[in-house]
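Please read these notes with the model open beside you.

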Amino acid sequence: PWRRVPEPVGLSAVYLTLGTTVLELLHFDRPGNDPRRDRSFTEPGLTQMRMEIKKLHERLAVPRGFSEQLPFVQADGRSGWIECLASWREDTRQWLCLLHDVSAGKQAESDARARAALFRLLADNVPVLIAYYRASDMRCQFANKQYARTFGRSEHEIIGLTVTEVIGDEAARQIQPHVDIVIREGQPVQY
């Protein structure tokens, strides 16, 4: 099912960087190079890797520059991510690719998403109204479910609205002294 594509120019450094050849990296699921035999791979992970590799093959089939992030497995068995910046060289009719290990950035993104999900879980399961408004324009940056529901919105719909848009003119005037304390003194308030 794979279309044969010319091996990109300049990728001999892949072996030095990743401990694997380009063909092993791009054609990992061919006979003799089957990660299904490695118990550290899960079926969803294999499916994701196959989709990413297929996407790379599709990109390589069209002589136009691109950037693609791909999962890979290092020679020592650790998984990671590389970014492939590819440029089609018309003069040589070959690809010139730069590979950059972006594993640390991907891990940081994953960790940040996990922390945000945990914070959301905690905020949505306490019996209080929680909201955070940016001081410069008083637009909502975060609201837990209870806060949003109190004002007839979802926690996603309320993001970006001003205090006045959420609670109305009269209520906004009533809480303005509390807001002023928060902005002036940087202290949290309860009201």
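**Notes on the pocket and the cysteines**

1. The largest pocket has a volume of about 810 Å³. A pocket is an open set of points on a 1 Å grid over the protein atoms alone, where a 1.4 Å probe fits, with protein on both sides within 12 Å along at least five of seven lines. The volume is the space filled by probe spheres set on the points, which are joined across faces, edges and corners.

2. This is a predicted model: local features need pLDDT of at least 70 and side-chain atom pairs pLDDT 80 or more, while totals for chains, interfaces and linings use all residues. Residues are numbered from 1 along each chain, and side-chain values use heavy atoms, without hydrogens and water.

3. The lining of the largest pocket has 22 residues (those with an atom within 4 Å of a point). Nearest the centre lie Leu 129, Ala 131, Tyr 133, Val 189 and Tyr 191. Strand S4 (131-133), helix H6 (163-167) and helix H7 (169-185) each give two or more residues to this lining. Helices are DSSP runs of H or I with at least four residues, strands runs of E with at least two, numbered from the N terminus. H7 gives the largest share, 6 residues.

4. Which cysteine sulfur is closest to that of Cys 84? It is the sulfur of Cys 97, at 4.1 Å, too far for a bond. A disulfide needs two cysteine sulfur atoms within 2.5 Å, and the whole structure has 0 disulfides.

5. Cys 84 is buried, at 5% relative accessibility; buried means under 20% relative accessible area with a 1.4 Å probe, protein chains only. Cys 97 is also buried, at 10%.

Note on methods: Buried < 20%, exposed > 50% of the residue type's maximum accessible area, 1.4 Å probe, protein only.
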